[in-house]
Amino acid sequence: MKQRKLVVISAGLSQPSSTRLLADQLSATTAKAAAQLGVTLDVQVIELRDLAHEITDNMLTGFAKPALKQAQEAVTAADALITVTPVFSAGYSGLYKSFFDVLDKDALVDKPVLLAATAGTARHSLVLEHALRPLFAYLRATIIPTSVFAASDDWGANSVEGPLRGRIERAAAELAREVERREPAVVTDPFALTTDFAEMLKNL
Amino acid sequence: MQFGIFSVSDITTDPTTGRTPSEAERIKDIVTIAKHAEEVGLDVFALGEHHNEPFFSSSPTTTLAYIAAQTKTLQLSTATTLITTNDPVKIAEDFAMLQHLSDGRVDLTLGRGNTGPVYPWFGKDIRAGIPLALENYALLHKLWREHIVDWEGKFRTPLQSFTSTPRPLDDVPPFVWHGSIRSPQIAEQAAYYGDGFFANHIFWPKEHTQRMVQLYRQRFEHYGHGSADQAIVGLGGQVFMHRNSQDAVKQFRPYFDNAPVYGHGPSLEDFSRETPLTVGSPQQVIERTLGFREYVGDYQRQLFLMDHAGLPLKTVLEQLDLLGAEVVPVLRKEFAARKPAHVPDAPTHASLLAKKNETKEEVAA
């Protein structure tokens with residue numbers, strides 16, 4: 001079995017939160033799909049609520065305190081990401097966006113990312129397409145084709161076995177296939193020297 | 001080891017009184033502060049360069065020359081001189097001039113500058129920050145070492161048969177430090193030339209400084225300037241003192257909470273833990289500062305940030321009194337006791353001149 005790292009980012013604020021619930025379903029289903037392809041996923045969940053103060057401090061000081069730094073390093077080293085945000089005022093939550101605002105702009109380059117969102121009503125479902133997808137396109141992530149939206153109605157007994165369940169499985173399968181066919185993520189050291197002085201002068 | 005202060009030249013409202021000093025007042029105050037640094041026994045005064053409000057120091061060599069005229073021993077430096085947006089020819093001329101006027105009491109620290117609009121105001125592009133720093137310094141280095149310069153580069157109009165005047169005092173160029181927070185290319189540049197490396201150090205976790213200094217030391221040795229522990233390292237530091245540490249915290253907190261750089265963010269306690277900021281008794285400052293060498297090795301220059309965030313002149317002068325009377329004498333003794341004999345001091349005009357004469361005699365013999 002290949003070993004790979006999956007990091008799940010949940011921006012839900014309440015306890016319990018439907019955002020976290022969706023995140024858990026997505027990660028469990030992805031782990032199962034990956035296992036069928038011979039990949040063991042080591043799953044780490046990051047709750048942005050726990051990092052809210054540190055994210056703001058990072059914005060103000062330019063560096064991350066230990067817990068946020070650990071989260072940033074986990075995301076950078078991850079082979080795949082699942083991110084779930086609640087819809088606030090017709091977009092991703094400010095906290096969710098802030099986490100990516102203080103993340104190194106190259107941290108997600110070529111990283112498979114599954115996008116998901118929750119809201120009270122299905123009328124917000126295009127948030128995935130008009131807000132999340134452009135953000136991750138800018139960050140040059142590899143966005144999984146199927147994104148998953150869950151409105152309150154979707155948590156009804158019938159629909160969990162119905163359309164939402166189906167979308168979760170499709171998205172999870174896509175993410176698992178993407179992880180399976182890739183080499184493990186490589187983390188570059190920002191302090192490492194990549195070219196020597198002569199080379200740098202030549203390439204001005 | 002050299003001890004001193006560095007100023008970013010901010011004009012900030014004192015959050016405890018709501019009073020904002022005028023430019024005229026702050027400019028005169030900085031001269032008083034620099035003179036007082038010498039009076040209390042410090043070695044170095046370094047001044048920043050900015051081209052935007054709320055900073056006053058757009059022309060450091062003018063200010064430093066005025067200070068030079070009123071001091072005897074103080075080494076004058078910068079924190080930093082913008083190698084990206086200044087014309088290297090003008091840097092060569094200005095600092096050679098200052099070197100003559102101050103009888104050699106001058107060195108400079110080069111930095112790229114991180115204020116976006118300054119680049120276009122001076123006709124440059126911030127995205128070319130590293131290439132600008134590399135090419136401009138290559139020219140500056142040449143202008144101080146070759147009498148007649150023919151030169152062509154990417155960023156500046158070419159030079160044919162140009163001589164930068166005045167020539168460096170005794171034909172010894174001012175010592176140069178390269179400052180960078182986290183660009184390994186700048187550590188490499190400093191190492192290549194055998195110049196000094198200055199880590200701002202304040203405002204950031206110590207790991208940044210540690211990694212950059214480590215890289216600089218390795219590459220310094222690689223380029224044959226000496227062993228890694230002989231490389232020339234300078235560090236920044238930020239302190240606020242009171243004989244009673246609780247009073248230091250109480251007095252400094254409003255300045256911290258409203259400071260332009262980190263204000264309204266982390267608590268003073270958090271920031272003290274995450275960065276080298278030390279607010280407390282002189283003894284606490286001594287212990288923290290001595291701890292720096294544990295992660296950068298034996299180093300040559302320690303500068304403290306003292307006048308910023310709206311602290312009034314009177315407070316800054318009192319801080320200098322404490323630094324000069326209670327902190328630096330102990331640090332001098334303790335650092336000296338820990339430093340192996342083969343680790344050099346920071347270069348000065350006198351030491352560089354002696355080295356040059358020595359080399360000449362060797363050649364003659």
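Biologist: Is A:V39 buried or exposed, and how many other C-beta atoms lie within 10 Å?

Modeller: This is a predicted model, and burial is read by counting neighbouring C-beta atoms, with 20 or more within 10 Å marking a buried residue. A:V39 has 22 other C-beta atoms within 10 Å and is therefore buried.

Biologist: Where in chain A does A:V39 lie, and which residues does A:V39 touch?

Modeller: A:V39 lies in strand β2 of chain A, which covers residues 39-47. Leaving aside residues up to four places away in sequence, A:V39 touches A:M1, A:K2, A:R4, A:A34, A:A176, A:V179 and A:E180. One of these, A:K2, is 37 residues apart from A:V39 along the chain, yet their C-alpha atoms are separated by 4.6 Å.

Biologist: Which residues does B:F197 touch?

Modeller: Among the contacts of B:F197, again not counting residues up to four places away in sequence, are B:W177, B:H178, B:A187, B:Y216 and B:V233.

Biologist: How many residues of chain A are in contact with chain B?

Modeller: On chain A 14 residues are in contact with 23 residues of chain B, and α2 (52-61) and α8 (197-202) of chain A each supply at least two residues of that side. By class, this side of chain A has 10 nonpolar, 1 polar and 3 charged residues.

Definitions and conventions
Residues numbered from 1 in each chain as written. Chains lettered and ligands numbered in written order. Predicted model: local features only at pLDDT ≥ 70, side-chain atom pairs only at ≥ 80, totals over all residues. Contact = placed C-beta atoms within 7 Å. Helix = DSSP H or I, 4+ residues; strand = E, 2+ residues; numbered from the N terminus. Nonpolar A, V, L, I, M, F, W, Y, C, P; charged D, E, K, R; others polar. Buried ≥ 20, exposed ≤ 12 C-beta atoms within 10 Å, placed from the backbone.
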